[in-house]
Amino acid sequence: MGFLSRLENFYLNVLRVLILVAATLALIVVGLGVARSVPMLSAALGPKQPVIEASGATLGDFVAERNAQGRPVGGDEQGQEEPTPVAAPQNIYNAAVLLQGYAKNRVGVELATDKLTAVLVEKRDSIPTAYQERYGDSLNALANQLSESTGRPLSWDNVGALLDWHAAKFKAQADEIENKKAVDRVEGLQSLLVAGGALAIFLLIVFCFLVVKIERNLRLVRTVAVDTLPGAAAASQRT
């Protein structure tokens, strides 16, 4: 019995070590999963302030791209637009005023500011809602670059192409940011699920450890109780 008891205690010790190692690993996985989900949780719980600069969408970039394609940007078209009343945010209206001044002073085209504003609002509406205000600021900056330019003026057709190009660049960057956010959300949820599973495993392992610990303590209690029974010492001496 002595040998079997020692063997049993050995296996219980091995089991206890394995349980402690497994519990530690599970706890580490919980920590890593929670850490990886922090950006997703911060984005979900914190204030939503999308940031986008529309980099690579300046007047110089547009002219360089068109020249590389062998498509000249100059011209002297003239035209007339009918006014169309439209409500627009201040940055869009400012951009329309700058473009109207450029068309008149540099291209020789008379345009109604209201009609031009309506066109710019339509372009803004093609941008995701969360980024429309920033698009208006970027468009205003682009119109200001065009107004302050001193080189060969763009034809009005190419001004329209510039506006389309800028809107496409901005929308592509906004879509890229939204796609990245979607991927981050999925990865964050996956990390939370992994952390939750690891936590459940950790709790199960701790429960098993407590069961083993209780069983060992009960075994010691029974051994002490048997040793204290009357005649236990004499029986031990006879064996």
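Start with Asp125. This residue is partly exposed, at a relative accessible area of 45%. Keep in mind that you are looking at a predicted model.

Is Arg124 buried or exposed? Arg124 counts as buried, at 18% relative accessibility. The cut-off for buried is under 20%, so the 18% of Arg124 falls within that class. Asp125, at 45%, is partly exposed.

How many salt bridges does the count give? The count comes to 5 salt bridges. Two further ones come next.

Move to helix α6, which covers residues 156-227. Select Glu178 and Lys181. Their side chains meet in a salt bridge of 3.9 Å, N to O. A salt bridge requires the nitrogen to be within 4 Å of the carboxyl oxygen, so the 3.9 Å of this pair qualifies. Both residues sit in helix α6, 3 residues apart, or about one turn of the helix. Check the surface next. Glu178 is partly exposed at 28% relative accessibility. Lys181 is also partly exposed, at 33%.

Stay in helix α6 and select Lys180 and Asp184. Here the side chains form a salt bridge at 3.1 Å, N to O. The two residues are 4 residues apart in the helix, which separates them by about one helical turn. Lys180 has 54% and is exposed.

Now leave the charged side chains for the rings. The count of aromatic pairs comes to 1. Select Tyr135 and Phe170 to see this pair. The ring centres are 5.3 Å apart, with 75 degrees between the planes. Planes over 60 degrees apart count as edge-to-face, so that is the class of the Tyr135–Phe170 pair.

Colour the two helices to see what the pair joins. Tyr135 lies in helix α5, residues 132-148, and Phe170 in helix α6. The pair therefore ties together parts that are 35 residues apart in sequence.

Are they buried or exposed? Tyr135 counts as buried, at 0% relative accessibility. Phe170 is buried too, with a relative accessible area of 0%.

Definitions and conventions. Residues numbered from 1 in each chain as written. Predicted model: local features only at pLDDT ≥ 70, side-chain atom pairs only at ≥ 80, totals over all residues. Heavy atoms only, no water. Phe/Tyr/Trp six-rings, centres within 6.5 Å; stacked < 30°, edge-to-face > 60°. Buried < 20%, exposed > 50% of the residue type's maximum accessible area, 1.4 Å probe, protein only.
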